[in-house]
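Come along as I jot things down.

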Amino acid sequence: MRQWQDRKAVGDTHERRVAAALRARGWTVHPCGQGTYPPAIREALRQTRSALRQFPDLIAARGSDLITIDAKDRMPSTHTDRYAISTDTVNAGLLFTAAHAPTPLYYVFGDLKVLTPAEIVHYAAHALRHRSGSFHLVRTEQAHPFDDVFGADGAATAA
């Protein structure tokens, strides 16, 4: 159980960092997903393969734009310069975007680079495969800079 709690603490810190970066760019941000549920529901979800386990961490709006974010902190490999994203996460992301279109879902990694579920599938189809088959591997250079997707820091005050 301690390992999960450690990962959760790292993930929570990254979610707060991403939320702060979005707010600095004029977005209104609110938590969503399993992190907002009571402990009993989170524990029950951990025991399932439900796509609710991969529900986005944050929802944000700026003007009429509405987006969702799944913050993925410990994703880039320090040995290969690739993000390793679980196939379960990407499959759930594809289902989420299809069911909630046109609301986009963005994965924001620890280096504040950004990809969508569709981009991950596309790039992974033309890339090295993880030997377990349970992860998509995407080169970090294929991700978008945070500012290119969400606006420059201070954009809210400049407008």
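Predicted model: local features only at pLDDT ≥ 70, side-chain atom pairs only at ≥ 80, totals over all residues.

I began with the second largest pocket, where H3 supplies the largest share of the lining, four residues. I listed its lining as Thr48, Arg49, Ser50, Ala51, Arg53, Gln54, Ser86, Asp88, Asn91, Ala92 and Leu95. Sorted by class, that lining has three nonpolar, five polar and three charged residues.

Next I turned to the largest pocket and noted a volume of about 1,100 Å³. I found 33 residues lining the largest pocket, with Arg7, Gly11, Gln34, Ala71 and Lys72 lying nearest its centre. Helix H1 (2-23), helix H2 (39-46), strand E3 (65-72) and strand E4 (82-86) are the elements that each give two or more residues to this lining. H1 gives the largest share, ten residues. By class, I wrote down eleven nonpolar, eight polar and 14 charged residues for the lining of the largest pocket.

**Then the helix pair**

I came back to H3 to see how it packs. Helix H3 (residues 87-99) meets helix H4 (residues 117-125) at an angle of about 130°, and their axes are 8 Å apart. Angles over 145 degrees would count as roughly antiparallel, so I put H3 down as oblique to H4. Their crossing is left-handed.

Which residues of H3 and H4 meet? I noted Val90, Gly93 and Leu94 in H3, against Pro117, Ala118, Ile120 and Val121 in H4. By class, this contact has six nonpolar residues, one polar and no charged ones.

Notes. Residues numbered from 1 in each chain as written. Heavy atoms only, no water. Axes fitted to C-alpha atoms, helices over the stretch in contact; angles between N-to-C directions. Parallel < 35°, antiparallel > 145°, perpendicular 65-115°, else oblique. Left-handed = near helix turned anticlockwise from the far one by under 90°. Contact = heavy atoms within 4.5 Å. Nonpolar A, V, L, I, M, F, W, Y, C, P; charged D, E, K, R; others polar. 1 Å grid on protein atoms, 1.4 Å probe; cavity = no way out; pocket = protein on both sides within 12 Å on 5 of 7 lines; lining within 4 Å. Points joined across faces, edges and corners; volume = space filled by probe spheres on them.
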